[in-house]
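Visitor: I am new to this structure and would like to learn how to read it. Please show it to me before we start.

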Amino acid sequence: MTFPLGLLGVDIELRSGDARNGIYLVDHAPVVVLDGVPFRLSDPTAYIGACFDEIVASFAEHGRLDDALLTLAREERDRAVHDPFIDASAIAPTALDFTDGETQGSPARFDPDASSPLAPLLEAIRAEPLEAVLAKWVGDLPRGDERTIAELGPGAGLLARRLATHADTLVLADRSLRALLTAGDDLAAELCIMDADWFGFRDASLDVIIAQNVIDLLRAPFAFLEDVSRALRPGGHLILSTPDPWAWRGEREVLEQLLSECGLTLRRFEDDRLWLREHSPRELQVFRVQLVCAERT
Ligand SMILES: C[S@@+](CC[C@H](N)C(=O)[O-])C[C@H]1O[C@@H](n2cnc3c(N)ncnc32)[C@H](O)[C@@H]1O
């Protein structure tokens, strides 16, 4: 599958290589494509320079490493090292996201004995996990022709797997390649490396944007809402959840105001869903999460 670059910009020009492993200019900004995955970042070469080992390892883990990919990735890494105008350290925090926790979902499922006081709590949360609720919210939206859904920050892809049936085109965008390739395994989805703080989708190109537990990690959540609004088609929807709604202090009225300043109207709001993260059989986290659905009006 090669990514539909028209979702990223209008003016698309292949500068070198080919659609599988090549360098494009998208609205004059360079986009490096490795094995069909565009690196839509403020500086893709810096990212490849900073995360070269993790990138190669991630493609290899998913059986997607070949000579053409390795050659282009090495060229970009060497350019990042030798070009004085490329600052690979500026992108370094991104490298921290190549962690197992984010990319494996809940790797350590804990099933307590029926007599454990935790049993009813875990059973209740698992009966309707957060990703099932969010997928249902998507399913409840009116559906037109050729619906394009973008999920930002899919992690291991627990939600993405539930979105596939709701989309004609499903795009997954994460700044961690390891997470992205895991999320995209065995799924008919288009994958894109993107930093949600440097939003790279074309204006009015998406019908639904969904971000489960990502907005609280961003440097600039207000700018993110503006970017999302621009990228949605009129009548399109943003659906998000967050365990830490600091951007609106957890208050619905503040959220409504913020959204309306961005051209979005709050359509659905829910508090106190529980999000379970299992790090080990002895380390379980449960977050109180807010859910939001807003329409581009
Ligand atoms: C807390 S995890 C949530 C994963 C999944 N959505 C879930 O709820 O289980 C955050 C995800 O967002 C990604 N992420 C964090 N900051 C990001 C950013 N600025 N741009 C794009 N993705 C980001 C991480 O790599 C990770 O996959």
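Guide: We will go through the core, a strand, a helix and some backbone angles.

Guide: This is a predicted model, in which local features need pLDDT of at least 70, side-chain atom pairs count only at pLDDT 80 or more, and totals for chains, interfaces and linings use all residues. Residues are numbered from 1 along each chain as its sequence is written.

Visitor: Which residues touch the most other members of the largest nonpolar core?

Guide: In soluble globular proteins, nonpolar side chains tend to be buried together. A residue is buried if 20 or more other C-beta atoms, placed from the backbone, lie within 10 Å of its own, exposed if 12 or fewer, and partly exposed in between. A nonpolar core is a set of buried Ala, Val, Leu, Ile, Met, Phe, Trp, Tyr and Cys residues joined through C-beta atoms within 7 Å. Here the largest such core has 75 residues, and Val138, Leu172, Ile209, Ile210 and Ile239 touch the most other members.

Visitor: Where does this core lie?

Guide: It lies between domain 1 (5–98) and domain 2 (103–296), because both give residues to it. The domain bounds come from an automatic or database domain assignment.

Visitor: How is strand β5 covered?

Guide: In a regular strand the side chains alternate between the two faces of the sheet. Strands (E, at least two residues) and helices (H or I, at least four) are DSSP runs, numbered from the N terminus. In β5 (residues 148–152), five of five residues are buried: Thr148, Ala150 and Leu152 on one side, Ile149 and Glu151 on the other.

Visitor: Which strands pair with β5?

Guide: Two strands pair if DSSP finds at least two bridges between them. β5 runs parallel to β6 (residues 169–174), with five bridges, and Ile149 has Leu170 as its bridge partner there. β5 also pairs in the parallel sense with β8 (residues 206–212) over three bridges, where Ala150 is partnered by Ile209.

Visitor: Is helix α8 mostly covered or mostly open?

Guide: An α-helix has 3.6 residues a turn, so residues three or four places apart point the same way. Helix α8 (residues 177–184) is mostly covered, with eight of its eight residues buried, including Arg178 and Thr182. Asp186, which follows α8, has a positive phi near 55°.
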